[in-house]
Amino acid sequence: RKLNYGWRLVDHENGHFTGVDTALPNRAIKAALMDRQIAPLAGYTTVRPEVKYGENSRIDFLLAESGLPDAYVEVKSATLSRREGAGRIPRQRDQTRRKASGRAGADGTGRAPRRAALSGAAHRLQHL
């Protein structure tokens, strides 16, 4: 790193911020997963970042625990908000379909991996 500082957010001075550091959400979610702060995933003790699966795919986190199915966690940053407290990610239908089809059955079972959507997790993690 060349500088002793970094650009993390843009403050729009109206109570809204735009994230600039694209690695920050993954670091925040990893910390929350390790500390078991995300209730639906708190039962998992093994957190593996950037796990390769399928032919050309990686998942942000693979969670594992004896007696539980593996959980594949993909972190997304909301870049659009049309109403208070709700972020949205612009759709990229074709790209998403291609990625999903490459991931289905990566565990050799022919079934798509278990997926979960965590609404509001980033909002609750704002103080990490």
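Visitor: Is Arg8 buried, exposed or partly exposed?
Guide: Arg8 counts as partly exposed, because its relative accessibility is 33%. Buried means under 20% relative accessible area, exposed means over 50%, and partly exposed lies in between (1.4 Å probe, protein chains only). Keep in mind that this is a predicted model, where local features need pLDDT of at least 70 and side-chain atom pairs count only at pLDDT 80 or more, while totals for chains, interfaces and linings use all residues. Residues are numbered from 1 along each chain as its sequence is written, and side-chain values use heavy atoms, with hydrogens and water left out.

Visitor: Got it. Which side chain does Arg8 meet in a salt bridge?
Guide: That would be Asp21, at 3.0 Å from N to O. A salt bridge here is a side-chain nitrogen of Lys or Arg within 4 Å of a carboxyl oxygen of Asp or Glu.

Visitor: What does the pair tie together?
Guide: Arg8 lies in the segment before strand 1 (9-11) and Asp21 in the loop between strand 2 and helix 1, so the pair links parts that are 13 residues apart in sequence. Helices (H or I, at least four residues) and strands (E, at least two) are DSSP runs, numbered from the N terminus.

Visitor: And Asp21, buried or exposed?
Guide: Asp21 is buried, because its relative accessible area is 15%.

Visitor: Which residues are linked with Asp21 in a network of salt bridges?
Guide: The network links Arg8, Asp21 and Arg27. In the salt bridge between Arg27 and Asp21, the closest N and O atoms are 3.0 Å apart. Arg27 is partly exposed, at 44% relative accessible area.

Visitor: How many salt bridges does the count come to?
Guide: The count is three. One of them joins Lys76 to Glu74, with the closest N and O atoms 3.6 Å apart. Glu74 is partly exposed, with 29% relative accessibility.

Visitor: New topic! How many residues make up the largest nonpolar core?
Guide: There are 12 residues in all, including Ile29, Leu41, Phe61 and Val75. A nonpolar core is a set of buried Ala, Val, Leu, Ile, Met, Phe, Trp, Tyr and Cys residues joined through side-chain atoms within 4.5 Å.

Visitor: Which elements give two or more residues to this core?
Guide: Helix 1, strand 4 (57-65) and strand 5 (68-73) do. Helix 1 gives the most, with three residues.

Visitor: What lies apart from that core?
Guide: Another core of five residues, among them Val51, Tyr53, Ile59 and Tyr72.
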